[in-house]
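Please keep the sequence and the model in view while reading.

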Amino acid sequence: QVQLVESGGGLVQAGGSLRLSCAASGSIDSILSMGWYRQPPGKQRELVASITSAGVTNYADSEKGRFTISRDSAKNTVYLQMNSLKAEDTAVYYCKLVGISSSNIATYWGQGTQVTVSS
């Protein structure tokens, strides 16, 4: 079983920055990718950014240039640096891990961290 612990959310003014962290612990054979999703109030969960074990990144179009995803493989931790935050970035941000456990692909989610951007 894998546990994902997110941190770094909070309240920030528009134009400000936040850095989210997600640390994975537990038993897994290998990590294929880690990423961040968000769910704005009343909307569906959507991809923000992801990064593979090879370091290949993928961003939603609305975040390109403002958000940066990075990882520390030694710590099984992924980060999301969010700059120039807008009110529409307000959401619960979830960490996702895709990996291999006992020869099966497994997906794990964190509990979510609230990001609120005031305009």
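In this predicted model, the link of C22 and C95 is left-handed, with -80 degrees about the S-S bond. The sulfur atoms of C22 and C95 lie 2.1 Å apart, S to S, and the count of disulfides comes to one. A disulfide is a covalent bond between the sulfur atoms of two cysteines. Because C22 belongs to strand β3 (residues 18–26) and C95 to strand β9 (residues 91–101), the bond ties together parts that are 73 residues apart in sequence. Both ends are shielded: C22 is buried at a relative accessible area of 0%, and C95 is likewise buried, with 0% relative accessibility.

Four strands form an open sheet in the order β1-β3-β8-β7, and their pairing is antiparallel. Its edges are β1 (2–7) and β7 (67–72), each of which pairs on one side only. From one strand to the next, the twist averages 15 degrees. Within this sheet, β3 and strand β8 (residues 77–82) run antiparallel and are joined by six bridges. L20 has L80 as its bridge partner in β8.

L80 leads on to the core. The largest nonpolar core has 27 residues, and L80 is among those with the most contacts inside it, together with L4, W36, M82 and Y93. Leaving aside residues up to four places away in sequence, Y93 touches L20, W36, L80 and M82, among others, and its contacts also include E6, R38 and T113.

Definitions and conventions: Residues are numbered from 1 along each chain as its sequence is written. This is a predicted model: local features need pLDDT of at least 70, side-chain atom pairs count only at pLDDT 80 or more; totals for chains, interfaces and linings use all residues. Side-chain values use heavy atoms; hydrogens and water are left out. A nonpolar core is a set of buried Ala, Val, Leu, Ile, Met, Phe, Trp, Tyr and Cys residues joined through side-chain atoms within 4.5 Å. Buried means under 20% relative accessible area, exposed over 50%, partly exposed in between (1.4 Å probe, protein chains only). Contact means heavy atoms within 4.5 Å. A disulfide is a pair of cysteine sulfur atoms within 2.5 Å. Helices (H or I, at least four residues) and strands (E, at least two) are DSSP runs, numbered from the N terminus. Two strands pair if DSSP finds at least two bridges between them. Axes are lines fitted to C-alpha atoms, for helices over the stretch in contact, and angles run from 0 to 180 degrees between N-to-C directions.
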